[in-house]
Amino acid sequence: MLVKGDSLRETDARFGSDNTIPWQQATDREGTPMSAPGENLKINGSRLWDSLMEMAKIGPGVAGGNNRQTLTDDDATGRALFQKWCEDAGMTMGVDQIGNMFAYREGTDPEALPVYAGSHLDTQPTGGKYDGVLGVLGALEAVRTMNDLGIRTKHPIVVVNWTNEEGTRFAPAMLASGVFAGKHTLDWANDRVDAEGKRFGDELERIGWKGDEEVGARKMHALFELHIEQGPILEAEGKDIGVVTHGQGLRWIECTVTGKESHTGSTPMPMRLNAGRGLALVTELVHEIAMKHQPNSVGAIGHIDVYPNSRNIIPGKVVFTVDFRSHLQEVIDAMLEEFYARAPSLCAEIGVQFESQIVGSFDPPAFNEECVQAVRSAAERLGYSHMNIVSGAGHDACWINDVAPTAMIMCPCVDGLSHNEAEEISPEWAAAGADVLLHAVLETAEIVE
């Protein structure tokens, strides 16, 4: 049987030599025979790539990437296209009260909990075409492939688009999955405001994507999230697939260094109370602490506001955010302990004051071992090179891991570049990641022959 749009070569690659669907026999933990996808079962890579490029037309950036920030008109347009594609694939769409989208494909057992797969469609203001989007459209492509081949599963399958993963317009990041997992209340999330003072809840209603479902009421058998690595490790190691074993926990510490504004030309050097110098000392401290806790621990200062930010005035106040991350809780605790012990004294030595508060926090997740093994087995079955990896960024899967068995799949990105319009992956990397996602989902959802 030829699937519309496929060449004979494409069809042969996805079917067995006798034109039957390529299953292989496996057993569950009790040794009961079950079907697992065979090594020739793959997604339609060109169709996936076409979908990525079509979505990228919505909210184009100024330098080849995307600006499709959450709850904007472009976000609404992208959501509508995603819904159309899902309905064309025979799925039904559900939307909860915070705008999370759930495209449902029926399973053969009405009592079985669904297997979820997906990520997010919103982007940074100067974001790339693949961060998050690959995970959503890769999951959609997995369902399209199941439809092409007539594959049925015991468990239903749901493709999910989480609202406001990026957290650029409305902080914090991973907002809607955080509400789903019980980390935030819905009222608190709805009251978040953007730089123009617009409320999250009002903007969600304005673009027409506030649903009726109770947030978090859905139950999951498992969740898989495909994502670009957003780092350079996989490309540097020449690996096709990252098997994500842990996510990094993080602490965001908002710091305020207060000195005294004065003229840069007329204030003698020994008499200056330079808040900018305090920032410099703390910046070096953060780097030193992170380097003590290698590998896989990081620290940096990103957001910085300098007051009054004038060329000829010594800064009287600097407000900045320290970002510490590790996949080990004890390492995060150790980094924080040293930071709190040393930062105030470094500032006191030069006559400026130091204050701080935690403004962002989540503990490092260890992903579900069985789901992780499903990802690893899929990569091995398909013949893709792979390695264990720790996610250096936060993802919706990190929150969902607290309420359901979860795992992540990563593919390389060029030079590790992300959150940048120059973000790039290859069609082959995208297809390999989606192939592994397809196999992990099918193994977990249990193929029905």
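This briefing looks at an annotated site and at a pair of packed helices. The model is predicted. An unreviewed UniProt entry gives the annotation "binding site" to Asp131, Glu166 and His419. These residues span 289 residues in sequence, yet no two of their C-alpha atoms are more than 9.6 Å apart, so they gather at one spot.

**Aspartate 131**
- You can find aspartate 131 in the loop between β5 (115–119) and α4 (133–149).
- With a relative accessible area of 4%, aspartate 131 is buried, because buried means under 20%.

**Glutamate 166**
- Look for glutamate 166 in the loop between β7 (157–161) and α5 (175–180).
- Glutamate 166 counts as buried, at 10% relative accessibility.
- Not counting residues up to four places away in sequence, glutamate 166 touches Asp131 and His419, along with His120, Asp122, Thr123, Gln124 and Ala173.

**Helices α2 and α13**
- Two packed helices are described by the angle between their axes and the distance between the axes.
- Here, α2 (residues 45–56) packs with α13 (residues 427–445) at about 110°, and their axes are 9 Å apart.
- That angle makes α2 roughly perpendicular to α13.
- On the α2 side, the contact is made by Gly45, Leu48, Trp49 and Leu52, while α13 brings Pro427, Ala430, Ala431 and Ala434.
- Sorted by class, this contact of α2 with α13 has seven nonpolar residues, one polar residue and no charged ones.

Technical notes
Residues are numbered from 1 along each chain as its sequence is written. This is a predicted model: local features need pLDDT of at least 70, side-chain atom pairs count only at pLDDT 80 or more; totals for chains, interfaces and linings use all residues. Side-chain values use heavy atoms; hydrogens and water are left out. UniProt positions are given in the numbering used here, feature names are shortened, and annotations may be inferred rather than shown by experiment. Helices (H or I, at least four residues) and strands (E, at least two) are DSSP runs, numbered from the N terminus. Buried means under 20% relative accessible area, exposed over 50%, partly exposed in between (1.4 Å probe, protein chains only). Contact means heavy atoms within 4.5 Å. Axes are lines fitted to C-alpha atoms, for helices over the stretch in contact, and angles run from 0 to 180 degrees between N-to-C directions. Angles under 35 degrees count as roughly parallel, over 145 as roughly antiparallel, 65 to 115 as roughly perpendicular and the rest as oblique. Ala, Val, Leu, Ile, Met, Phe, Trp, Tyr, Cys and Pro count as nonpolar, Asp, Glu, Lys and Arg as charged, and the others, Gly among them, as polar.
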